[in-house]
Amino acid sequence: MKVFSQKKPRVLVCCLVSTERQGWINPELSQMIFKMARDTRFDVEVANVKDAVPHEVARNLTIKIARDHNFDWLVSLDNDNFMPAGTPCDVIAAAGSEQSVIGLTYGLSEKESRCSLFPPMNLRTKISGLFQEVPCVGGGVLMVRNTVWKTIPKGPWFSWKCGDTETLERRNESDGCGEDVAFSRLVQAHGFKVWTHRELLAGHYRTTDLTRMVCTMSQMGRAVSF
């Protein structure tokens with residue numbers, strides 16, 4: 001009897017980079033990409049999207065490349081993000097059929113030098129195994145299944161929404177949004193849910209890793225609470 005081997009899922013890993021120094025891949029990210037390329041669970045290919053500006057152009061290119069070359073999954077990575085533990089391959093290996101859009105939580109800088117985690121953790125939303133449904137995710141470490149571009153075959157999938165003011169500034173959460181939030185809303189409008197991993201976070205380098213800083217400050221706050 002002839003035995004047929006199961007075809008491995010094809011995963012495209014796209015890094016958003018530039019030739020300027022601030023657009024170079026950080027060391028932890030490069031190590032993670034090498035690890036993903038050797039992951040025997042998947043057929044992994046790596047491509048850089050270089051010098052594509054603004055960010056929404058680069059993000060749309062990642063979807064287009066994955067669609068045009070018939071990949072099963074897209075892993076999109078910003079050059080200043082990484083995972084301290086695990087890889088995106090571990091995340092998509094654990095994904096069920098309803099997890100077609102997954103973005104990891106990581107630290108972001110806000111106004112007045114404040115930092116926070118986005119999307120927030122411990123939301124009172126649906127939990128499915130290792131995943132939790134969230135209203136939207138960032139694009140720093142983003143995983144998208146081919147069901148998304150099969151359902152929405154023509155872009156743009158990412159589009160920055162400016163505020164309705166003379167300076168184009170956003171006045172509130174409902175007045176404009178970033179391209180990653182717009183992508184989350186687009187896929188939700190087509191029946192997809194948006195998820196984050198409940199345990200695995202992404203690091204986010206600036207002068208320091210913002211994710212580690214936010215988590216450390218949170219632990220310090222709990223330690224001194226009464």
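H197 is buried, with a relative accessible area of 4%; buried here means under 20% relative accessible area, exposed over 50%, and partly exposed in between, with a 1.4 Å probe and protein chains only. This is a predicted model, so local features need pLDDT of at least 70, side-chain atom pairs count only at pLDDT 80 or more, and totals for chains, interfaces and linings use all residues. Residues are numbered from 1 along each chain as its sequence is written, and side-chain values use heavy atoms, with hydrogens and water left out.

Back to H197. The residue belongs to strand β11. Helices (H or I, at least four residues) and strands (E, at least two) are DSSP runs, numbered from the N terminus. Not counting residues up to four places away in sequence, H197 touches V91, L104, L130 and F131, where contact means heavy atoms within 4.5 Å. T211 is 14 residues along the chain from H197, and their C-alpha atoms are separated by 15 Å.

Next, the sheet around that strand. In what order do the strands of the open sheet come? The order is β2-β1-β3-β10-β5-β11-β9-β8, 8 strands with mixed pairing. Two strands pair if DSSP finds at least two bridges between them. In general, strands of a sheet pair through backbone hydrogen bonds, either parallel or antiparallel. At the edges are β2 (43–50) and β8 (127–128), each pairing on one side only. Helix α2 packs on this sheet and touches β1 (10–17), β2, β3 (73–78) and β10. The direction of α2 makes about 160 degrees with that of β1; axes are lines fitted to C-alpha atoms, for helices over the stretch in contact, and angles run from 0 to 180 degrees between N-to-C directions. Strand β9 (residues 131–133) is joined to β11 by 3 bridges, and the two run antiparallel. Within that pairing, Q132 has T196 of β11 as its bridge partner.

Now helix α5. The helix lies across β5, β10 and β11, and runs at about 125 degrees to β11. Which residues of α5 (residues 179–189) are buried? They are E179, D180, V181, A182, F183, S184 and V187. Their cover includes α2 (55–68), β5 (101–103), β7 (115–118), β10 (141–145), α4 (146–151) and β11 (194–197). Just after α5, G191 takes a positive phi of about 95 degrees.

On aromatics, a search of the whole structure finds 2 pairs. Rings of Phe, Tyr and Trp (its six-membered ring) pair if their centres lie within 6.5 Å; planes under 30 degrees apart count as stacked, over 60 as edge-to-face and the rest as tilted. One of the pairs is F158 with F183, stacked, at 4.4 Å centre to centre and 15 degrees between the planes. F158 counts as buried because its relative accessibility is 3%. F183 is buried too, at 1% relative accessibility.

A separate ring contact involves a charge. The charged end of R10 sits over the ring of F71, 4.0 Å from its centre; the criterion is NZ of Lys or CZ of Arg within 6 Å of the ring centre and within 35 degrees of the ring normal.

Then the nonpolar cores. A nonpolar core is a set of buried Ala, Val, Leu, Ile, Met, Phe, Trp, Tyr and Cys residues joined through side-chain atoms within 4.5 Å. The largest has 28 residues, and those with the most contacts inside it are V11, L77, V91, I102 and M143. The elements giving two or more residues to this core are β1, α1 (27–37), β3, α3 (88–94) and β10. A second, separate core of 24 residues includes I63, V101, V134 and V148. What does I102 touch, residues up to four places away in sequence not counted? I102 touches W73, V91, A95, F131, V141, L142, M143, W195 and T196.

Last, the backbone exceptions. A cis peptide bond joins F118 and P119, with omega about -10 degrees, and P119 is in the loop between β7 and β8. Another cis peptide bond joins G155 and P156, with omega about 10 degrees; P156 lies in the loop between α4 and α5. N70, in the loop between α2 and β3, is not a glycine but has a positive phi of about 60 degrees. N70 counts as exposed because its relative accessibility is 59%. N122, in the loop between β7 and β8, is likewise not a glycine and has a positive phi of about 60 degrees. N122 is exposed, with a relative accessible area of 73%.
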